[in-house]
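Student: I would like a close look at a single part of this model. Please describe the packing there, and then place it in its surroundings.

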Amino acid sequence: MNTSAYITEEEVNEEDSHLLSWDEWLRRHVAQLLLFARQQSRSPEDAEDILQDALIRLARKEASGEFVGGQEAWLSYVFASIRRLAVDYGRKSDRRQKREDEACAAEQDEDVYADPWFSRAAADEALKLFMEMQLRKLPSKFSEVIVLKIWGEQTFQQIAETLEISQNTVASRYRYGIDLLRKALRNKKDQL
């Protein structure tokens with residue numbers, strides 16, 4: 001009996017056809033997720049650990065049936081998890097560093113983040129390094145919005161949900177951050 005109250009098998013198959021397998025979804029989004037994790041963390045190793053932990057959280061929520069929103073909400077969930085985990089990692093790292101400093105009574109150099117964020121081979125290396133440096137110089141509230149918008153391909157609404165701020169705040173931080181990057185680029189161009 002096929003009434004409007006029942007969904008046919010073909011309709012279910014049509015709905016599921018746009019869903020990606022876990023591997024396909026991960027291949028499609030891993031670069032932008034890792035970029036965001038790197039922007040949020042203090043080292044490339046921490047970024048990889050943070051991303052892995054965020055993906056494990058998603059997989060566990062999905063497996064237990066607790067996740068709400070379906071596959072289209074995975075990306076925003078993972079971005080938000082990365083952000084929260086990065087804060088936790090940073091706090092753990094600070095506590096560990098303090099203990100090590102007290103035990104050794106000597107400061108140790110912090111790892112400098114050496115991996116470039118931009119991966120386009122055609123980009124001029126000097127410009128790429130300059131823009132990476134300028135993005136790092138921005139206050140994190142601006143740089144995280146820029147990374148989520150441009151490389152994370154998130155909408156202002158999704159970014160607002162991830163960062164737990166209003167869409168207007170997201171939009172103004174994005175505009176202000178982009179303006180600061182443009183000014184830095186203009187200054188560099190004028191110096192050449």
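Tutor: A residue counts as exposed when its relative accessible area is over 50%, as buried when under 20%, and as partly exposed in between, calculated with a 1.4 Å probe on protein chains only. The model is a predicted one, in which local features need pLDDT of at least 70 and side-chain atom pairs count only at pLDDT 80 or more, while totals for chains, interfaces and linings use all residues. Residues are numbered from 1 along each chain as its sequence is written, and side-chain values use heavy atoms, with hydrogens and water left out.

Helix H7 covers residues 156-163 and helix H8 residues 167-191; helices are DSSP runs of H or I, at least four residues long, numbered from the N terminus.

The loop between helix H6 (140-151) and H7 contains glutamate 153. Its phi is near 55°, a positive value in a residue other than glycine. Glutamate 153 is classed as exposed because its relative accessibility is 60%. In the loop between H7 and H8 lies glutamate 164, which is likewise not a glycine and has a positive phi of about 60°. With 57% relative accessibility, glutamate 164 is therefore exposed.

H7 and H8 pack at an angle of about 105°, and their axes are 8 Å apart. The axes are lines fitted to C-alpha atoms over the stretch in contact, and angles run from 0 to 180 degrees between N-to-C directions. The two helices are therefore roughly perpendicular to each other, a class that spans 65 to 115 degrees. From H7, the contact (heavy atoms within 4.5 Å) involves Phe156, Gln157, Ile159 and Ala160, and from H8 it involves Gln167, Val170, Ala171 and Tyr174. These residues comprise 6 nonpolar, 2 polar and no charged.

Among the structure's 7 aromatic pairs, two reach H8 from other helices. Rings of Phe, Tyr and Trp (its six-membered ring) pair if their centres lie within 6.5 Å; planes under 30 degrees apart are stacked, over 60 edge-to-face and the rest tilted. Phenylalanine 142 and tyrosine 176 form a tilted pair, 4.9 Å centre to centre with 50° between the planes. It joins helix H6, which holds phenylalanine 142, to helix H8, which holds tyrosine 176, across 34 residues. Phenylalanine 142 is buried at 10% relative accessibility, whereas tyrosine 176 is partly exposed at 44%.

Phenylalanine 156 and tyrosine 174 pair edge-to-face, with 5.6 Å between centres and 65° between planes. This pair connects H7 with H8, its members being 18 residues apart. Phenylalanine 156 is partly exposed at 24% relative accessibility, and tyrosine 174 is buried at 19%.

Of its 39 residues, Trp25, Leu33, Leu51, Leu58, Val78, Ile82 and Ile146 touch the most other members. H4 gives the most, with 9 residues. Beyond its neighbours within four places in sequence, valine 78 is in contact with Trp25, Leu33, Leu51, Ala54, Leu55 and Leu58. Trp25 also belongs to a cluster in which ring pairs link Trp22, Trp25 and Trp74.

Conventions. Angles under 35 degrees count as roughly parallel, over 145 as roughly antiparallel, 65 to 115 as roughly perpendicular and the rest as oblique. Ala, Val, Leu, Ile, Met, Phe, Trp, Tyr, Cys and Pro count as nonpolar, Asp, Glu, Lys and Arg as charged, and the others, Gly among them, as polar. A nonpolar core is a set of buried Ala, Val, Leu, Ile, Met, Phe, Trp, Tyr and Cys residues joined through side-chain atoms within 4.5 Å.
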